[in-house]
Amino acid sequence: MGTAPFAILAILIVVFQASALEPTEEPACVPGFKSDMLVFQVPRKHLAKNFRLGKVHFTDCTDRTRFLFKSDHSRFHVDHDGTLKVKIPTTMHEQQDFIVHTWDTQRHKFSVHVRVEHQRHHHGNHHQNAEHHHGHHHAHHDHDAQPDSATNTESTTDAPVPILVFPGHVDGLKRKKREWLIPKLRVPENYRGPYPLKVTQIGSDKDQVKKVFYSITGPGADQEPVGLFTMDRLSGILYLTQALDREKQAMYNLQAHTVTEGSGTAEEPIDILVHVIDQNDHSPTFTQDTFVGEVPEASKRGFEVIQVTAIDLDEENNDNSEIRYRIVSQEPEMPNPNMFAINPITGAIRVNGDGLDREKFPNYTLTVEAADMIGEGLRGEARVILTVSDSNDNATTFDKSKSTTDAPVPILVFPGPVDGLRRRKRDWVIPDLHVSENDRGPYPLKVSQIRSNEDKVKKVFYSITGPGADQEPVDLFTMDRLSGILYVTQPLDREKQATYNFQAHAVTEGSGTAEEPMDIVVKVIDQNDEKPRFTQDPFVGEVPEASKRGFEVIQVTAIDLDEENNDNSDIRYRIVSQEPGMPNPNMFAINPITGAIRVNGDGLDREQFPKYTLTVEAADMVGEGLRGEARVILTVSDSNDNAPTFDKSNYVATVKENKVDAQIVVMTVSDGDVPNSPAWNAKFTIVSGDTEGFFAVKTGSNKKEGIISTVKGLDFEKSKSHTLLVAVENEIPFALDLPTATATVVVTVEDVNEAPVFDPITKTVSKREDLAVDTDIVLYTASDPDTARKQKVMYKVIRDPAGWLNVAKDTGLIKVKTPMDRESLFVKENKYTALIGAYDNDEIPATGTGTLIIHLEDVNDNPPTIEERKIMVCNKESAPQLLTVTDKDGPDFAAPFSVSLQGSSKSNWTAMMNGSKTGIILRLFSELPSGEYTVVLRVADNEGLEQDSTVQAKVCDCKGKDVTCKDLAKAASSLPLILGILGGILLLLMLVLLLLLFARRRRVVKTDLLLPPEDIRDNIYHYDEEGGGEDDQDYDLSVLHRGLDNRPEVFRNDVAPNFMPAPQYRPRPANPEEIGNFIDDNLKAADNDPTAPPYDSLLVFDYEGGGSDAGSLSSLNSSSSGDQDYDCLGEWGPRFKKLADMYGGGEDDML
C-alpha cells in the first residue's frame, strides 16, 4: 500500500518526459497568465513591507508590459510590471490563498489563483510528498504550474447552492436523519450592522447527551484578519464583527470545530466558505488619466478617432460594473460644441461634425465620464487630448469585463463521525436563501435543491406551494419534479417584495407523502436600482431680504426605495444651479445630509431679485450613486426694517371700579413697511405699571390699533389711578437694530357704591330645633368696602323659605321668628339655608348677600305614627297584620318602639312589636260579625313620647289569609248594569243640550257698534242683546298699558326674581289627622314664596282708562312717598299694622 503512490508518480513522470521530447508546433498567442495557479515560497515566516515575492507573468499578445493588477488579499499587492510584493507586514502561520485579476485592451478580465506559503525543509518521504504537491507550481519555474486536485476551485457558474433536506419522518422509535448538501454562506459587503451580525449556526447531535464547545479557525478567525469572524463557544452561532469589502477579499475559508466536555473532539472539522456579495461601492476608473490621439483634419462624420477604457472593480456581469460613457465637455467648442461623439458602450470616440481645421484649432481637449449602473451610478472622469493632423492610423480600444454570479448563502453543520459501518447524521439549522434582485440570469436560475433520503428506495416527486409558486405571483419559483432543484424564473424586485415564504413537499410514488412539508424562505438582496425621488416638485419657500448668512430657509426631502441602513439608500444633497446668479452665484447652500437650504451670501434685494429658482439634486451611495432632481422656488419677502410708532405718546382714560372687560383706550400706530404684512402688523405689550395683572392689551382687527381693557375689577379704595407703559412691535422681529416705540397711558379709577361684604360669605351655626321664639341665633355682619363714604350698613332677610328668622336691621343679629322644625320640608340633611342681605344708605343702595346655614340639632318632638290606616281581615282564623311604624325624628328618638291597645280594642285584638321593634303585629283573636271596626293603638318611641293612632279594620266573613267580602262581590256584579244606565242618561242629556243650543243660535241678531272700531278711546260693548258667545267682544288689552306708554322713563318688570329659589311645598299626607299641619306648612311656604305672582314691580295708574282688568294692588309705587308718617296706621289694628311696616320703614322693608 505504501508503494502505490510512488508507482503512480513514476508513470506520470515518464509520460510527462515523453511528451516533452515530442516536437511541437509553435502555438498561436493566447492572452492570459502563464499558469492557472501560481505558488510563491518564502524562506521565512515574518515578511516585511515591500518584500518581493516574485513576478506574475501576463500577456495580452501585444507589446504592452504594464497592466493594472488587482489583488483580493489586503496584505499583498501587484505592481503594474507584475511584481508581487507584501503590502502589510505579515506572519506566515500557514499558506495564503488569493486571486489576482487584470484586464486586456478588449476589457476581458483574467484571473489567477495565487498561493504564498512558508518553505519548510523536509527529509525522506516528506520531501517527496512536498515536491509532488508543489513542484509544478513554484514561481521560479519557467513552465506553467499545474495545480493538483486538492487546489482546484469550482467555477462561479457551477457554484453549489443550498440543498435543503426534509426533516426525517418517524419510523417506529427511530428518527431517520437526513443528508445535506452544504452551500456557501453569503454576506453583503458594506452592511451597516448592527454588529456582531449573526451569519449562521452549527449544531452537533452530541449536545443532546454531552456539553459541546464550538470554535472556528482560519483566515478571518485566528489568522489575519484576526477576529473578523467569531463563534459563540456554547451555542455555535457564527458572527461577523465588522463590515466586509468584496474588493479586498471576495471569499473566506474557515474551519469549525467541536469539543465535548471531558472527552475531546466531538465531530470532524468542517469547512465553512463565506462569499461576500457585491455592492456598488467602486466608481469606474479609467486605465489612463489622459488619453492622447490624433484626428485628420479631413475626417468625415463617423470616423473613429480613439477608444477610452475604464474598469470597475465591482462584480462583473452586474449593473454595479456596467459602464456607460459620455463626453462632458469639449474645449474649444469651435466650430461646433459637439465636434465629437462617444459610443456609450465601447468608449469609441468618433468625429461628429464638420469643420476640423488644424490651422485654427490644432488641439481638442475632451472631458470623458464613465458611470456604472448603466450610466446612472458612480462616476469617473478622464481627459482626451486630440491633435488635429494630416493623417491618423491609430485607434485605441477599450476592454469589456465579464460578470460573475454570486454564490448562495451557505448553511453549515458538522459532519457526523463514523461509528463502525454506520455514519451518524447531524442536526442542521436551516438559514434563509438569498437571491440578488435584478440578476441578469440566464433564467431559469438555479437557487437550491431539496432531497429526501427516501429516494434511495423509492421514486420521490418534489413540489412547492405558496406565494411565488402556486399563488400570486404564480410560477415565480418552480421546482423540478424529479430532481428537487428550485429555480427562479425571472428577475426579482426587492422593492416589490423582499421575502418569499413557501413550502416544499415530497411524495413517493404509490405511497403518499415521503416527508413533512418544509418551509423555505427566500430573501431578496438589495441592489441600487432605485434613484432618490423628492417628496414634492417644486418646493416653495420665502426668504426675508435681510436674512443673514446661515439663516435656514427651507428643507427639501427625498426618499429612496432601496433597502434602509444601506449605501443604496444613503442620500446626499447638493445645489446644481441657481437662477438668477446675481448678486452671487452661491447665494444659497444646502446641508448635504439633512437637505436644509440656508442663506450663504449677502445682498438679497426684493426689489431687484424678487425670486430665486434652485435646482437641487439628491444622490444615493452617499452622493455618488443614482440621482434625482427637483426645483426650489424661493420668494424674497419684505424685511421688517421700519419700526411702528405711536400716533400719540400719552393717553388719558377713566374707568369705573369693579368693571371687568371694560374698554379703556384705543391707541393707533403707523408703520412704513408693506401694509398687511407681518412686518407691518402691530403687536402691543404692557411693559410696566401692571404688576397685579389688572389690564390687557390686544391688537385690533385692522392690526394697527392697541385696545386696552380691564381683566379684573379695579379698586378705587386701593388705588385711584394707574400709569401704564405700552410698547409696540411687529409680528416678526426687526431685521435691523431699531428702537421700540412706547406710549404712556394714565387710567383714573372712578369710585362707585359697592355692596357690603359679609365675612364669611357662608356662615354655618348649630342650634337646637326647639329654640324659643326671639332667641338669638347668631350675629352675622357685613362691612362696607366704601370706606371713604362712611355709609351705614343695614340688614334684611332676603330668602327665608320657612319664615323662621328675623334679623335686626341695624345690628345684623338674627333671631328666631317662628318655631323651627328639623323635620320640615325646607330642611335638607339637617341644614336650613337662608339668604341674608346687607345694604348701605346710599341714594342708590347697594345690597350684598351672605348665606346662613343653620344645622338643626334634633329633639324628640314627633311621636311615632302608623303608616297603614286601613286593613281587611277574616273573622275566622284571622291572619296577623304587620303595621309599619315611622318617626320623623332622628334615629336617637325613634326605634325601638312600643305599642298598646286602647279602649274596647283590647277585647278582640292583640298587638305586639315585631323582632326589630319597628313594626306592629296586629291580630284578631275573637270572631266578630262582618263590618268595620276602629282599633286604637298607642305607640311610643324609645324615650316614651307616645301618640294614639286609629286603624280602620274591615272584618269579612271568611277564613284564613284569603280575605273575601261578600257584599263587595255583589256590588262588583251589579256595577256594569249601573254604569250602563248612567251612560244612557248622559247621552240623552247631551242630545237635549245640543238641540237647545241650536235653537238659541238661530235667534241671534247682531247690530252695528255705536262707535267705529278704530276709535281706541275706550272699548264700548253693547248689551242690548242676549247670547251670541264671545265672538262679539274684541278686547283691546293694549289700553291697559297706555299709562306706561305716556311714561317712557318708567320701566316695568313682570318677571319672577331669578336669584331666589322657590320653596318646596309639602305633599298631601295620607293621615287625615295631619291635614291641619299640611295646611299650615303650605300656607307659610306660599306667604314666603318670592317666585309666586304678583311680583314687586313699578306700575303706573294715572291713566283714566275704561274696562281695566287690574284687580290687585299688591305692588304700589312708593318711591315718591317722601317723609310722610305711616305710623298712625299701626293704631288701626293688625291688618293696617302690616301696611305701616311696609311703607313706614318697618322691619319688613325690602330695598
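Start by selecting residues 721-730 in this predicted model: they make up strand E57, and Ala727 is part of that strand. Is Ala727 buried or exposed? Its relative accessibility is 6%, so Ala727 counts as buried, the cut-off for buried being under 20%.

Now show what surrounds Ala727. Beyond its neighbours within four places in sequence, Ala727 is in contact with Phe646, Lys683, Phe684, Thr685, Val687, Thr740, Ala741 and Thr742.

Next, move to residues 96-103, which are strand E10. Six of the eight residues here are buried, so E10 is largely enclosed by the rest of the structure. Which strands pair with E10? One is strand E6 (residues 70-71), joined to E10 by two bridges and running antiparallel. Select Lys70 and you will find its bridge partner in E10, His101. Another is strand E11 (residues 109-118), which pairs with E10 in the antiparallel sense over eight bridges. Here, Trp103 stands opposite Lys109 in E11. E10 and E11 form a hairpin with five residues between the strands, and Arg107 takes a positive phi near 65° in this hairpin.

For the last stop, select residues 966-1002, helix H6, and pick out Leu982 within that helix. With 46% relative accessibility, Leu982 counts as partly exposed. Then colour Leu977, Ile978, Leu979, Ile981, Leu982, Ile985, Leu986 and Leu989: they form a nonpolar patch on the surface, and together they have about 800 Å² of accessible area.

Key
Residues are numbered from 1 along each chain as its sequence is written. This is a predicted model: local features need pLDDT of at least 70, side-chain atom pairs count only at pLDDT 80 or more; totals for chains, interfaces and linings use all residues. Side-chain values use heavy atoms; hydrogens and water are left out. Patches are made of residues with over 30% relative accessible area and no salt bridge: like charges are joined within 9 Å, nonpolar side chains (Val, Leu, Ile, Met, Phe, Trp, Tyr) within 5 Å. Accessible areas come from the Shrake-Rupley method with a 1.4 Å probe; for residues, only the protein chains shown count as cover. A salt bridge is a side-chain nitrogen of Lys or Arg within 4 Å of a carboxyl oxygen of Asp or Glu. Helices (H or I, at least four residues) and strands (E, at least two) are DSSP runs, numbered from the N terminus. Buried means under 20% relative accessible area, exposed over 50%, partly exposed in between (1.4 Å probe, protein chains only). Contact means heavy atoms within 4.5 Å. Two strands pair if DSSP finds at least two bridges between them.
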